[in-house]
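Please study the sequence and the model before working through the solutions.

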Amino acid sequence: MPATQKVIIPATLIPGDGVGPEITEATLAVLDAIGAPFVWDRQVAGLGGVVACGDPLPPACVESIRHTRLALKGPLETPVAGGYRSSNVRLREEFKLYANLRPGKTIIPGGRYDNIDLVLVRENNEGLYMGYEHFIPIDGDPHAVGMSTGVNTRQGCRRICRFAFEYALRLGRKKVTVVHKANIMKALTGIFLETAREMYEADYKGRIVFEEIIVDACAMKLVMNPWQFDVLVTTNLFGDILSDEIAGLVGGLGMAPGANIGEDAAIFEAVHGSAPDIAGKGIANPTALLLAAAMMLDHVERSDLGDRVRTAVDQVLNIDQVRTGDLGGWASTKEYTAALVKRLSA
Ligand code: NAI
């Protein structure tokens, strides 16, 4: 290939629902400013998919990701109790995105917690998110009993624990903590703990520190002394909850990126949802999606560009002091984005 020929990487773009289009526009402006290598195939899903073609996960969207194996995704709306099944969960199943990587790192110092640098590795395909749920009607009440069955497999536990140990070693981390509730759910989360212990003994002992903790104690200790943790690995539901808690330690959901990584594809997104309460007002914080895009650049081995995004975010928030409302500032999404682009063009 001639040295001047630009490498391009096809990727699927799902702007998403609610604040999704606003934060996606901001992210694209920043990616354009650094000359990111992605060529986007725009698709719809979630409520956007229902409106456009009556399907929360249209086949064209699935086909696009099957082709590109790489996507940047805005939040997708899921109706609470009833309605269609989460498109996010379906995407994770479809592409076997078994690892959900959710880092929480302090960018703005001087908050309630300083110097937070945690990574939560959440199992993304099993546990209580399998959707094996039903109601039992009794005496005319169709919802007299609600039931849910969780499933964790040995293979699934091995896959995610291996991912967590390898990730921790690769990134030079010091400790992996497995979070469980094996004192009560002895089968469902016992198998997870047992697998992590066995894997540590067999392959990682002496290479990294390993510890185990019950989820309720973990939730409390994250508030009392989060610095005692480093990389945490846990099952689906606990991971979902604890990653929001970790987001709260670093300034809220507007600052929390996530990567869904699997054998067949990788999808990058903000941890937060579609924020319907502020959608269309132009005040959403796009940082979480921007940091997710930086993780996507790391994934395609362009950490040089990922670092430029992270540095610009740091400079704009801390030196320029341009911040959106959720961070106590006054900037609109567009003003914050303009400050980022200015930094990157300087
Ligand atoms: P949410 O994360 O959308 O909002 C929670 C709170 O955080 C709201 O007050 C919102 O204004 C605020 N917030 C979220 N993102 C923000 C941002 N970028 N800037 C400033 N403030 C922000 O959670 P909620 O309201 O429970 O869910 C809304 C919808 O999003 C639901 O349909 C839910 O299913 C969906 N959802 C989708 C996710 C995804 O696509 N990955 C993840 C979580 C929820």
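The exercises below treat helix pairs and then the domains.

This is a predicted model, in which local features need pLDDT of at least 70, side-chain atom pairs count only at pLDDT 80 or more, and totals for chains, interfaces and linings use all residues. Residues are numbered from 1 along each chain as its sequence is written, and side-chain values use heavy atoms, with hydrogens and water left out.

**Exercise 1.** Determine how H5 and H6 are oriented and which residues join them.

Step 1. Helices are DSSP runs (H or I, at least four residues), numbered from the N terminus. Axes are lines fitted to C-alpha atoms over the stretch in contact, with angles running from 0 to 180 degrees between N-to-C directions.

Step 2. The axes of H5 (residues 154-170) and H6 (residues 190-204) cross at roughly 50° and come within 9 Å. H5 is therefore oblique to H6; angles under 35 degrees count as roughly parallel, over 145 as roughly antiparallel, 65 to 115 as roughly perpendicular and the rest as oblique.

Step 3. The crossing is right-handed, that is, the near helix is turned clockwise from the far one by less than a right angle.

Step 4. Contact means heavy atoms within 4.5 Å. Among the H5 residues that meet H6 are Arg154, Ile160 and Phe165, and the H6 side includes Phe192, Met199 and Tyr204. By class, this contact has 11 nonpolar, 1 polar and 7 charged residues (Ala, Val, Leu, Ile, Met, Phe, Trp, Tyr, Cys and Pro count as nonpolar, Asp, Glu, Lys and Arg as charged, and the others, Gly among them, as polar).

**Exercise 2.** Classify the packing of H1 against H11.

Step 1. H1 (residues 20-33) and H11 (residues 333-345) pack at about 10°, their axes 9 Å apart. H1 is therefore roughly parallel to H11.

Step 2. Residues of H1 in this contact include Ala26 and Val30, and those of H11 include Leu340 and Leu344. The contact divides into 7 nonpolar, 2 polar and 3 charged residues.

**Exercise 3.** Describe how domain 1 and domain 2 are placed and joined.

Step 1. The domain assignment, automatic or from a database, gives domain 1 (1-95 + 264-346) and domain 2 (109-252).

Step 2. Their C-alpha centres lie 25 Å apart. In the contact, 7 residues of domain 1 touch 8 residues of domain 2.

Step 3. The two domains bury about 580 Å² between them, 42% of it on carbon and sulfur atoms; buried area is the accessible area (1.4 Å probe) that two parts lose on being put together, summed over both.

Key
Helix = DSSP H or I, 4+ residues; strand = E, 2+ residues; numbered from the N terminus.
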